[in-house]
Amino acid sequence: MAIAPDSSSRFADYAHPERLVGTEWLRAHLGDPGLVVVESDEDVLLYETGHIPGAVKIDWHTDLNDPVERDYIDGAAFAKLVGGKGIGRDTTVVIYGDKNNWWAAYALWVFSLFGHADVRLLDGGRAKWEADGGEYTTDPATPNAVDYPVVERDDSKIRAYKDDVLAHLGSPLIDVRSPEEFSGERTTAPAYPEEGALRAGHIPSAQNVPWGKAVADDGTFRPLGELNALYRDQAGLKHGDDVVAYCRIGERSSHTWFVLTHLLGFQNVRNYDGSWTEWGSAVRVPIVKGSEPGAVPSK
Amino acid sequence: MTLTRVYPAGGPVHDVDAFYTVPRPEWLRISMIASIDGSAIGADGTSSTLTRGADRTVLGAIRRSSDVVLIGASSLRREGYLLPRSVPLAVVTASGDLTGHSIPAGLEAGRVFVLCPASVAESVNLPGASVIGIDSSGPLSGRSIVDALHHLGFRSVACEGGPTLATHLLADAMVDELCMSTSPVIGGPSAPALPGAPQLSFALSQLLVDDVGVSYARWIPVRPATD
Amino acid sequence: MTDLPESLAQIREDFLELEQRDRLLLLLEFANELPELPERYSAHPDLLERVIECQSPVFIFVEVWDDSTVHVFATAPKEAPTTRGFASIIAQGLEGLTVGQVLGVPDDFPNTIGLTEAVSPLRIRGMTGLLARVKRQVREKLAA
């Protein structure tokens with residue numbers, strides 16, 4: 001049975017306020033049966049240095065990805081993974097992490113691929129928890145394993161493959177990387193040169209809306225009015241649009257996918273998780289350099 | 001790196017330590033790796049080219065269930081032996097000459113013990129090691145080695161070779177278990193894993209295999225029934 | 001294993017003997033062991049070189065003493081324990097080695113210590129970058 005949403009006014013304007021929780025709500029609900037808190041970080045050791053009491057760790061890199069192919073684990077592996085962490089099909093899952101919840105959002109997106117109904121983000125992640133005086137523990141979590149049904153992933157609704165993006169050209173495309181990556185000045189984010197591609201630039205017609213514009217300095221999501229100004233006014237997204245978002249390997253675009261889907265209420269948003277590490281190294285896909293979106297190549 | 005148990009019952013191995021517990025506190029195991037055709041060394045004269053896959057992790061599990069790691073002096077020299085992290089090291093030498101070892105300086109007390117005949121105790125050249133001189137007319141017997149270890153409080157022993165020491169302990173009926181990793185190669189320099197070993201029969205108590213083809217067997221010597 | 005300097009071989013052994021989940025804890029131990037920068041660097045952060053291969057800011061400085069031994073100093077923020085762990089392994093593993101030994105360390109050493117599964121191949125590249133920069137600084141100091 002799902003746990004009541006965080007009904008604070010801060011989230012009320014969003015399209016799906018039940019997808020976010022604040023730190024006070026979480027502190028009040030820690031230990032509730034039916035709730036499992038999950039930490040997903042960029043740094044694989046951060047959880048061990050201290051985590052929210054009772055939280056379990058799910059590492060996007062090592063737990064959610066297939067070790068051989070560039071894809072996510074299948075239904076059986078997912079069931080085993082989350083069941084072992086005490087997560088049942090009806091469990092309310094709250095995910096948080098470092099780096100403004102990039103990887104928490106990515107993990108939430110993967111949970112969504114498997115159709116887990118009630119999965120939410122802790123607004124502001126680790127940084128906000130700490131800023132609000134929340135405590136960490138180093139005690140390892142000891143979840144009781146439960147059964148989780150084997151559900152095959154449905155990639156059709158929120159995931160876009162390279163061919164989907166090629167077919168999508170002409171429809172709204174959001175590139176959430178830094179302006180330098182977008183224009184092609186650099187193939188990689190300043191701190192991530194190991195994730196480079198052979199070519200620099202962006203997918204033709206993409207609007208550049210760096211992911212960070214959606215959050216305040218403390219990592220929490222900006223109010224609805226500011227998000228609307230950003231995505232509807234500046235980037236030109238309209239009600240009913242079919243949108244694809246991408247970045248470098250899909251973690252920042254998951255964050256934007258969350259904003260577009262759950263905060264702004266767009267109903268057809270897909271994350272192109274192959275992102276620039278795939279597009280920038282793929283043979284014969286169109287690429288545009290410079291700070292303008294560029295035109296879709298004629299077929 | 002996946003480890004799977006094949007015998008006694010098939011299944012995944014997640015916690016290797018649980019598959020290498022000792023049945024009783026006093027237990028001496030030999031832990032070795034050999035090629036399919038029974039050689040204890042690879043092309044470089046050491047076991048380094050044989051070890052792969054989960055072998056070091058299985059070795060770690062065996063060490064963690066032991067009170068001490070026991071090796072012969074030639075292993076210390078030839079293998080460039082490194083200190084085990086979790087347990088002390090005991091080295092058996094007939095001459096006391098440990099030239100060529102790779103043990104670092106600044107050894108803390110209790111990390112390395114040297115077992116040798118009392119007559120050569122003074123000439124042991126391993127600074128920082130505790131030297132245990134044992135009265136013996138010739139090379140140390142298996143019994144005297146094991147007694148010395150028990151005397152030091154080490155009851156669960158993992159002997160990691162070399163072949164001479166391992167064979168010696170087998171011949172003296174000191175061995176409770178033979179843990180043999182088999183590396184999926186042949187054709188290296190021929191160096192029998194257990195040269196001149198006595199004829200012995202074993203019962204297989206467990207077999208694991210990893211995903212690069214190394215197999216890990218636990219063999220228990222079958223002792224003739226004594227009435 | 002026999003041609004790796006002993007300090008690095010020991011670190012490799014220590015990791016390989018452990019099961020996957022314990023390897024992460026050992027990495028954390030290394031992270032906690034990263035020594036503070038000596039004052040000659042903590043007071044002059046401009047002297048340190050940023051290692052951009054790491055996902056978090058890591059700064060290193062390499063000294064080659066008159067006796068041709070190499071000494072590595074590094075700093076990384078507390079909220080980047082994996083990066084601190086990598087820096088600590090490199091600093092401890094290379095401490096006091098000769099220039100020849102340091103330049104002879106295989107470039108793929110970080111991939112051989114049993115961490116790729118626990119940490120992910122992508123993250124390991126941070127340590128590979130660290131090692132490469134140390135070698136480059138050593139070469140630069142030799143050429144000077």
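Colleague: What does the accessible surface of chain A come to, and what percentage of that belongs to carbon and sulfur atoms?

Modeller: Keep in mind that this is a predicted model. For chain A the accessible surface is about 12100 Å², and carbon and sulfur atoms hold 50% of that.

Colleague: How many helices and strands does chain A have?

Modeller: There are 12 helices and nine strands in chain A. Its radius of gyration is 19 Å, close to the 19 Å from the globule rule for 299 residues, so chain A is as compact as a globular protein of that length. The C-alpha trace of chain A spans about 55 × 45 × 35 Å along its principal axes.

Colleague: What share of the residues in chain A is buried?

Modeller: Of the 299 residues in chain A, 56% are buried. As for contacts in chain A with a separation of 6 or more, 76% come from residues 24 or more positions apart.

Colleague: And the charges in chain A, how far apart are the mean positions of the positive and negative ones?

Modeller: They are 5 Å apart, counting 29 positive and 46 negative charges in chain A.

Colleague: On to the inside. Which residues have the most contacts inside the largest nonpolar core?

Modeller: That core has 59 residues, and those with the most contacts inside it are A:Leu64, A:Ile95, A:Phe111, A:Leu121, A:Phe221 and A:Tyr231. Helix 6 of chain A, residues 102–113, gives the most to this core, with 11 residues.

Colleague: What is A:Leu64 in contact with, leaving aside its neighbours within four places in sequence?

Modeller: With those neighbours left aside, A:Leu64 is in contact with A:Ile58, A:Asp59, A:Tyr72, A:Ile73, A:Phe78, A:Leu81, A:Ala107 and A:Val110. There is also a second, separate core of 44 residues, which includes B:Leu82, C:Ala76, C:Ile90 and C:Leu115.

Colleague: Switching to the backbone. Which peptide bond to a proline in chain B is cis?

Modeller: The one from B:Tyr7 to B:Pro8, with omega near 5°. B:Pro8 sits in the loop between strand 1 (3–7) and strand 2 (11–13) of chain B. The bond from B:Gly161 to B:Gly162 is also cis, with omega near 0°.

Colleague: Where is B:Gly162 found?

Modeller: In the loop between strand 8 (156–159) and helix 4 (163–171) of chain B.

Colleague: I also want to look at phi. What is the value for A:Ser275?

Modeller: Phi of A:Ser275 is near 50°, which is positive in a residue other than glycine. A:Ser275 lies in helix 12 of chain A, residues 275–279.

Colleague: Is A:Ser275 buried or exposed?

Modeller: Buried: the relative accessible area of A:Ser275 is 0%. C:Ser120 also has a positive phi, near 95°. C:Ser120 is in the loop between helix 6 (116–119) and helix 7 (121–143) of chain C, and its relative accessible area of 4% makes it buried.

Colleague: How far apart are B:Trp27 and B:Val157 in sequence and in space?

Modeller: B:Trp27 and B:Val157 are 130 residues apart in sequence and 6.2 Å apart in space, C-alpha to C-alpha. Neighbours within four places in sequence aside, the contacts of B:Trp27 are B:Val22, B:Arg155, B:Ser156, B:Val157, B:Asp176, B:Glu177 and B:Ile220.

Colleague: And B:Ser47, where is that found?

Modeller: In the loop between strand 3 and helix 1 (55–64) of chain B. B:Ser47 is buried, at 15% relative accessible area. Beyond its neighbours within four places in sequence, B:Ser47 is in contact with B:Ile33, B:Ala40 and B:Glu79.

Colleague: Last one: what does C:Leu47 count as, at 41% relative accessibility?

Modeller: C:Leu47 counts as partly exposed. C:Leu47 is in the loop between helix 3 (39–42) and strand 1 (49–50) of chain C. Apart from neighbours within four places in sequence, C:Leu47 is in contact with C:Arg40, C:Tyr41 and C:Phe61.

How values were computed: Residues are numbered from 1 along each chain as its sequence is written. Chains are lettered from A and ligands numbered from 1 in the order in which they are written. This is a predicted model: local features need pLDDT of at least 70, side-chain atom pairs count only at pLDDT 80 or more; totals for chains, interfaces and linings use all residues. Side-chain values use heavy atoms; hydrogens and water are left out. Helices (H or I, at least four residues) and strands (E, at least two) are DSSP runs, numbered from the N terminus. The radius of gyration is taken over C-alpha atoms; the globule rule is 2.2 Å times the number of residues to the power 0.38. Buried means under 20% relative accessible area, exposed over 50%, partly exposed in between (1.4 Å probe, protein chains only). Contact means heavy atoms within 4.5 Å. Accessible areas come from the Shrake-Rupley method with a 1.4 Å probe; for residues, only the protein chains shown count as cover. Lys and Arg count as positive and Asp and Glu as negative; His and the chain ends are not counted. The place of a charge is taken as NZ of Lys, CZ of Arg, CG of Asp or CD of Glu. A nonpolar core is a set of buried Ala, Val, Leu, Ile, Met, Phe, Trp, Tyr and Cys residues joined through side-chain atoms within 4.5 Å.
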